[in-house]
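Trainee: I'm new to this one. Could you walk me through how to read it?
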Amino acid sequence: MMRGKMNKPPINWVRSFEVAARHRNLSHAARELGVTHGAVSRQVAQLEAFLELTLVERSNAGLELTAHGARVAESLHEAFGQIDRAFEELKPGLRQLTVTILPSFAVHWLVSRLGRFYAAHPDFEIRLLTTRRLVDLNREEVDLGLRYGRGGWPGLEDELLLEDRLYPVTAPDLARRLDMRALDGFARHIVHSDAVIDHENWLSWLDAAGYGRADLSRQPVYDDTGIAMQAALQGQAVILGRSSLVETHIAAGRLVRLSDVEIQSPMAMYLAYRKGGRRRRELAAFCNWIRSEAAGSQDQNLVSGCL
């Protein structure tokens, strides 16, 4: 393979490709690098010519990586990440970490605990990006995702943090008025926080509790767990509570558990991050702390951790 007199491509070609591959968009890459769209396009093309390989496929929708491009991009993401971290560690001041998290988990689990993290790590600044959107950790400036799901997200490393058990809860005032001996004694107060997943979980719980299968298709549906939680806290609903989210409210007397019967949630809370991200000291410190918080969380089982 002939490459003229150069043994290695110029670093600006390599950097342009790395940023373009991360954004899958030449214009976004140009803004990050402070150059023109044409400059990024030329440098990516020059790198392809140097390597005698096609790294990207261009379309009106943006860029798609070829198999060669994806392999090179993954290595470059890690390499440039290590360079960035090396220089960040030389800078004085706060260490920053950006974490994407579901609003419900932020409000009902993480935020009340963050004070302990800052007490142990006063030189840190944690930036919370609360969203239900599945943030692309390989393309956006986010270090860690606290994700609720089944794990195995493509292109990422993930690790199980908290498993949830599910059981019905509501506010004390409503709990006193409910008759749990029969389904019709509380069914009209049930709300779903997801039209499909929560409905199936309710059916599984009713079966485990001995109520049998039931038609819950007419129950109200809230598309956000935090809203359903608020309805329960205000005594307006019975929800199938996730143990990680309701345990502190039960301990404080704001919610009441309506049955000893519980089922295992098919989903769990995970830590997710870019491949190789665990080597960053800031990420390691936060992961170690949150694992210790999970271990001490009432009625929770810590699954062996990450870093």
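Predicted model: local features only at pLDDT ≥ 70, side-chain atom pairs only at ≥ 80, totals over all residues.

Trainee: Let's start inside. Which residues have the most contacts inside the largest nonpolar core?

Mentor: A nonpolar core is a set of buried nonpolar residues joined through their side-chain atoms. Here the largest one has 39 residues, and Leu146, Phe286 and Ile290 have the most contacts within it. Helix H11, residues 281–296, gives the most to this core, with seven residues.

Trainee: What does phenylalanine 286 touch?

Mentor: Leaving out residues up to four places away in sequence, phenylalanine 286 touches Leu97, Val99, Leu114, Phe117, Ile126 and Leu144. There's also a second, separate core of 21 residues, with Trp13, Phe50, Leu63 and Ala73 among them.

Trainee: On to strands. Is strand E6 mostly covered or mostly uncovered?

Mentor: As a general idea, side chains in a regular strand alternate between the two faces of the sheet. Strand E6, residues 156–170, is mostly covered, with 12 of its 15 residues buried.

Trainee: Which strands does E6 pair with, and in what sense?

Mentor: Look for bridges between strands. E6 runs antiparallel to strand E9 (residues 263–274), and nine bridges join them; glutamate 159, for one, has leucine 271 in E9 as its bridge partner. E6 is also antiparallel to strand E7 (residues 239–242), with four bridges, and there tyrosine 167 is partnered with glycine 241. Strand E8 (residues 256–257) pairs with E6 over two bridges, again in the antiparallel sense, and threonine 170 stands opposite valine 256 in E8.

Trainee: How many salt bridges does the structure hold?

Mentor: It holds 19. To read one, check how far apart the N and O atoms are, then where each partner sits. Glutamate 74 and lysine 275 form one, with their closest N and O atoms 3.8 Å apart. Glutamate 74 is in helix H4 and lysine 275 in the loop between E9 and H11, 201 residues apart, so the pair links distant parts of the chain. Glutamate 74 is partly exposed, with a relative accessible area of 42%, and lysine 275 is partly exposed too, at 38%.

Trainee: Are arginine 113 and glutamate 247 buried or exposed?

Mentor: Both are buried. They form a salt bridge with the closest N and O atoms 3.6 Å apart. Arginine 113 lies in the loop between helices H5 and H6 and glutamate 247 in helix H10, so this pair ties together parts 134 residues apart in sequence.

Trainee: Which residues are linked in a network of salt bridges?

Mentor: Arg15, Glu18, Arg22, Glu32 and Glu141 are linked that way.

Technical notes
Residues numbered from 1 in each chain as written. Heavy atoms only, no water. Core = buried A, V, L, I, M, F, W, Y, C linked by side-chain atoms within 4.5 Å. Buried < 20%, exposed > 50% of the residue type's maximum accessible area, 1.4 Å probe, protein only. Contact = heavy atoms within 4.5 Å. Pairing = 2+ DSSP bridges. Salt bridge = Lys/Arg side-chain N within 4 Å of Asp/Glu carboxyl O.
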